[in-house]
Amino acid sequence: MSNLSETLPVIDLDLFLSEHHSSERVQQECKKAANALITYGALLLHDSRVSEEDNNIFLDLVEDYFAQPLQELAKDERPEISYQVGVTLENTEKPKCAVHQPCLDIIARLDPVERPLDISGHHPDPKCRFFWKMGTPPPYETQYPALNAPNVIPQAPVFKAIWQPTMEKWGRSMKNAVENIAEMTAIGLGLPRDTIKEAGKYGPHLLGPTASDLIKYGEKDTILAGFHTDLNCLTIHGRSRYPGLHIWARNTGKRIPVRFPPTGRFLLVQAGKQIEHLTGSLIKAGFHEVVVNEATVDTIAKRKLTHPDRPLIRVSSTFFWHLSSDYDLSPLPPLIDRSKAVESVPDAEIASLYPPMKVGQQVQK
């Protein structure tokens, strides 16, 4: 397993926010951000606006919510709209890769010691999830109303007063940060600053924390979220209390355990399928998994001693930043030549892999 996690590029958002975007220092930092996504499909982001206290309040709330019995959680499900808002219970989501031959081919090409944990059993993930919409309603009639459904407030009375303000506060922190990274990435790619951010102005963004019960699923080498990529544009995470996230950097074939710096205001950003489509594969969606590894087991033991009254639940404070559902998605012409140079892919193959479509169609596929 690689130690590249120690050198995953750290992008200084404070610099971007403190100087004009035309300054040489900002330009270089933007190129660093774009190159990080091209090379690794991920980056670490330092943002002094992010509050550790807000993150802890959010994690406490989500832990308490998912400590409820499953029959209580089920009251907050919305399966009729494919769980686009509200709760998704454990053993519902399945990693697409398990039945997707191109993805299985990628795994087969990896060195056996760098492969993800085996997903060939086609078992659904044991994690739960809650989707909380964070998008701005479009000022026009969208072709994809199911992707813009109203939020769900948990049925349990104890959460009714605190759920929305807590979700909104932490969600805004994540959304502000990821939209700034969208701006930095555009500049770093030689595009106008607002190119990517404007494409996501009315996106159905989702704060989507996952929760894994480590009493039930805390044995080493348990898969909590099987090997996959995200379908949205950019995914951003706050610090989790339990390690276990692995990513695969482009062209390295190495399985990288993601480690946040021990202290400080950091977020993790990952590239999704929408930015891969938009850049014609210049930036590729990053494969990742969440598993119980040795570090997770060690942290479980420590938490039992230091926080004996807290639920043993691994929460990931994940935010999915989407392009607008009605946006016409196709590779941006200025990036196609760069993409071909990186991937050695002919025009016809790029056109075949990334045909023009609405973002809403891409999500529904």
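The 40 positive and 45 negative charges of the protein have mean positions 0 Å apart. In this count, Lys and Arg are positive and Asp and Glu negative, while His and the chain ends are not counted; each charge is placed at NZ of Lys, CZ of Arg, CG of Asp or CD of Glu. Please keep in mind that this is a predicted model, in which local features need pLDDT of at least 70 and side-chain atom pairs count only at pLDDT 80 or more, whereas totals for chains, interfaces and linings use all residues. Residues are numbered from 1 along each chain as its sequence is written, and side-chain values use heavy atoms, with hydrogens and water left out.

**Overall build**

Let us turn to the fold as a whole. The protein has 13 helices and 16 strands, taken as DSSP runs (helices H or I, at least four residues; strands E, at least two) and numbered from the N terminus. Along the principal axes, the C-alpha atoms fill a box of roughly 55 × 50 × 40 Å.

The accessible surface comes to about 15,900 Å², and carbon and sulfur atoms hold 53% of it. These areas come from the Shrake-Rupley method with a 1.4 Å probe, and for residues only the protein chains shown count as cover. Of the 365 residues, 55% are buried (buried means under 20% relative accessible area, exposed over 50%, partly exposed in between; 1.4 Å probe, protein chains only). Among contacts with a separation of 6 or more, 82% join residues 24 or more positions apart, a contact being heavy atoms within 4.5 Å.

**Cores and the surroundings of Phe 66**

In soluble globular proteins, nonpolar side chains tend to be buried together. Here the largest nonpolar core has 69 residues, of which Leu 43, Leu 45, Phe 66, Leu 234 and Ile 236 touch the most other members. Helix H7 (residues 163-188) gives the most to this core, with eleven residues. Apart from it lies another core, of 21 residues, including Leu 8 and Phe 266. A nonpolar core is a set of buried Ala, Val, Leu, Ile, Met, Phe, Trp, Tyr and Cys residues joined through side-chain atoms within 4.5 Å.

Which residues does Phe 66 touch, not counting those up to four places away in sequence? They are Leu 73, Val 87, Cys 128, Arg 129, Phe 130, Ala 211 and Ile 313. Phe 66 lies in helix H3 (residues 52-66), and its C-alpha atom is 8.3 Å from that of Asp 213, 147 residues apart in sequence.

Ala 211 belongs to strand S6 (residues 210-213). Beyond four places in sequence, the contacts of Ala 211 include Phe 66, Lys 127 and Val 315.

**Two positive phi values**

Most residues other than glycine have a negative phi. Ser 82, however, has a positive phi near 60 degrees, and sits in the loop between helix H4 (70-73) and strand S3 (86-88). Asn 91 has a positive phi of about 65 degrees, in the loop between S3 and helix H5 (101-109).

| Residue | Relative accessible area | Class |
|---|---|---|
| Ala 211 | 3% | buried |
| Phe 66 | 9% | buried |
| Asn 91 | 40% | partly exposed |
| Ser 82 | 53% | exposed |
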